Amino acid sequence: MVFLGNFLQVIVLCLNAVAVLSEDRFLARINLSTSTYDPAFGAGDSQSVKAKIINGIASVRLVTRIPLIAVNTLIILYSLILG
């Protein structure tokens with residue numbers, strides 16, 4: 001059970017790391033910004049690895065921001081109460 005709790009904390013920390021990446025300050029420097037990426041019409045399955053990484057980062061940032069607030073709060077309360 002301890003392994004599962006630690007594994008959950010590692011997953012949440014990794015999601016936090018992706019969610020707080022600054023697009024202007026960090027992602028643009030390594031050319032992973034969505035503003036510099038312009039997918040061609042009908043790109044479909046032939047997208048490059050870089051395009052898939054950009055889409056993945058953008059998706060994680062969009063979908064997980066609000067749920068991460070609740071999950072982080074629960075993990076902090078759990079850690080404070082049960083140590």
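1. Arg 61 is found in helix α3; helices here are DSSP runs of H or I with at least four residues, strands are runs of E with at least two, and both are numbered from the N terminus. The model is predicted, so local features need pLDDT of at least 70 and side-chain atom pairs count only at pLDDT 80 or more, while totals for chains, interfaces and linings use all residues. Residues are numbered from 1 along each chain as its sequence is written, and side-chain values use heavy atoms, with hydrogens and water left out.

2. Is Arg 61 buried or exposed? Arg 61 counts as buried because its relative accessibility is 15%; buried means under 20% relative accessible area, exposed over 50%, and partly exposed in between, with a 1.4 Å probe and protein chains only. Leaving aside residues up to four places away in sequence, Arg 61 touches Val 18, Ala 19, Leu 21, Glu 23 and Leu 27, where contact means heavy atoms within 4.5 Å.

3. Ser 59 also lies in helix α3. Ser 59 counts as partly exposed, because its relative accessibility is 41%.

4. On the chain as a whole, the secondary structure comes to three helices and zero strands, in the order α-α-α along the sequence. Of the 83 residues, 16% count as buried. Among contacts between residues at least 6 apart in sequence, 56% join residues at least 24 apart. The chain exposes about 6,600 Å², of which carbon and sulfur atoms supply 69%; accessible areas come from the Shrake-Rupley method with a 1.4 Å probe.

5. Where does the lining of the largest pocket come from? Helices α1 (2-19) and α3 (49-82) each supply at least two of its residues, and the largest share, six residues, comes from α1. The pocket holds about 330 Å³ of space. A pocket is an open set of points on a 1 Å grid over the protein atoms alone, where a 1.4 Å probe fits, with protein on both sides within 12 Å along at least five of seven lines; lining residues have an atom within 4 Å of a point.

6. By class, this lining has seven nonpolar, five polar and no charged residues; Gly is counted as polar, and Asp, Glu, Lys and Arg as charged. Among the lining residues are Met 1, Leu 8, Ile 75 and Tyr 78. Leu 8 lies in helix α1 and counts as partly exposed, because its relative accessibility is 46%. The C-alpha atoms of Leu 8 and Ile 75 are separated by 9.4 Å, although the residues are 67 apart along the chain.

7. An unreviewed UniProt entry lists residues 1-22 as "signal peptide"; such annotations may be inferred rather than shown by experiment. In the model, residues 1-22 are 82% helix and 0% strand, with the end C-alpha atoms 35 Å apart.

Conventions
Points joined across faces, edges and corners; volume = space filled by probe spheres on them.
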